Amino acid sequence: MMEKPIDKKYNGFIIAVSILIPLIVAILFSVKLKDFGFDVEPLRFLPPIYATINGITALSLIFAVMAIKNGNKALHQKLMTTAIACSILFLIMYVAYHMTSDSTSFGGEGTIRYVYFFILLTHIVLSIAIIPLVLITYVRALAQKFDSHRKIARITFPIWLYVATSGVIVYLMISPYYV
């Protein structure tokens, strides 16, 4: 029996993770630890930290593209690993914050309110869409299928960059309304 190529081996994993992460985040987002009798302090200090991590993700992505365009594969790999690690760290902090704190309502009025909700909605939708794209792009690099890696990276990069930067923008827009 012929063995599957490395990128095909991970298809089931990519599909499962791409479904499970948004599902688990949605479930945990609605769970409040205080409702289960846990006496935990709200982690109110986290939003500026995870917004900063989103900013670091965006910078890592930009510098990674610059590195690969300059032929520096090793730096590109390190920066992409940093971007993935930052995204995971962001997600953990984001969920922890929402499990210990009530959601903050945006208090802006008029046009800025529509701008905020447009950015927030596109950020959320694309943050779900980016999961399989990042995983596919990463696996193709691992499999050393650089032609197909480059093709999907051209799609993955701008979406991931938008998700990271829009996360910072959403934080900056809502931060005056934190309690």
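Me: What should I know about the model before we start, and how are residues numbered?
Reply: It is a predicted model: local features need pLDDT of at least 70, side-chain atom pairs count only at pLDDT 80 or more, and totals for chains, interfaces and linings use all residues. Residues are numbered from 1 along each chain as its sequence is written, and side-chain values use heavy atoms, with hydrogens and water left out.

Me: How many helices and strands are in the protein?
Reply: Six helices and zero strands. Helices are DSSP runs of H or I with at least four residues, strands are E runs of at least two, and numbering goes from the N terminus. The order is α-α-α-α-α-α.

Me: What box do the C-alpha atoms fill?
Reply: Roughly 55 × 40 × 25 Å, along the principal axes.

Me: How much of the protein is buried?
Reply: Buried residues are 34% of the 179. Buried means under 20% relative accessible area, exposed over 50%, and partly exposed in between (1.4 Å probe, protein chains only).

Me: What share of the contacts with a separation of 6 or more links residues 24 or more positions apart?
Reply: That share is 79%. Contact means heavy atoms within 4.5 Å.

Me: On to H3. What span should it have, and what does it have?
Reply: Helix H3 covers residues 46–69, which is 24 residues, so at 1.5 Å a residue it should span 34 Å. The expected span is 1.5 Å times one less than the number of residues. Its end C-alpha atoms are 35 Å apart, which agrees.

Me: Which helices do the buried residues of H3 pack against?
Reply: Helix H4 (73–100) and helix H6 (146–174). Among the buried residues of H3 are Tyr 50, Ile 53, Asn 54 and Leu 61.

Me: Now the cores. Which residues touch the most other members in the largest one?
Reply: Leu 61, Met 80, Ile 130 and Trp 160, out of 14 residues. H3, H4, helix H5 (111–142) and H6 each supply at least two residues of this core. A nonpolar core is a set of buried Ala, Val, Leu, Ile, Met, Phe, Trp, Tyr and Cys residues joined through side-chain atoms within 4.5 Å.

Me: What is Met 80 in contact with?
Reply: Leu 61, Ala 64 and Trp 160, leaving aside neighbours within four places in sequence. A second, separate core has seven residues, including Tyr 50, Ile 53, Cys 86 and Phe 90.

Me: Back to H2. Which of its residues are buried?
Reply: Ile 14, Val 17, Ser 18 and Val 25. The buried residues of H2 pack against H4 and H5. Helix H2 (residues 11–30) has 20 residues and reaches 29 Å from first C-alpha to last, close to the expected 28 Å.

Me: Which residue has a positive phi although it is not a glycine?
Reply: Gln 144, at about 60 degrees. Most residues other than glycine have a negative phi.

Me: Where is Gln 144 found, and is it buried or exposed?
Reply: Gln 144 is in the loop between H5 and H6. It counts as exposed because its relative accessibility is 60%.
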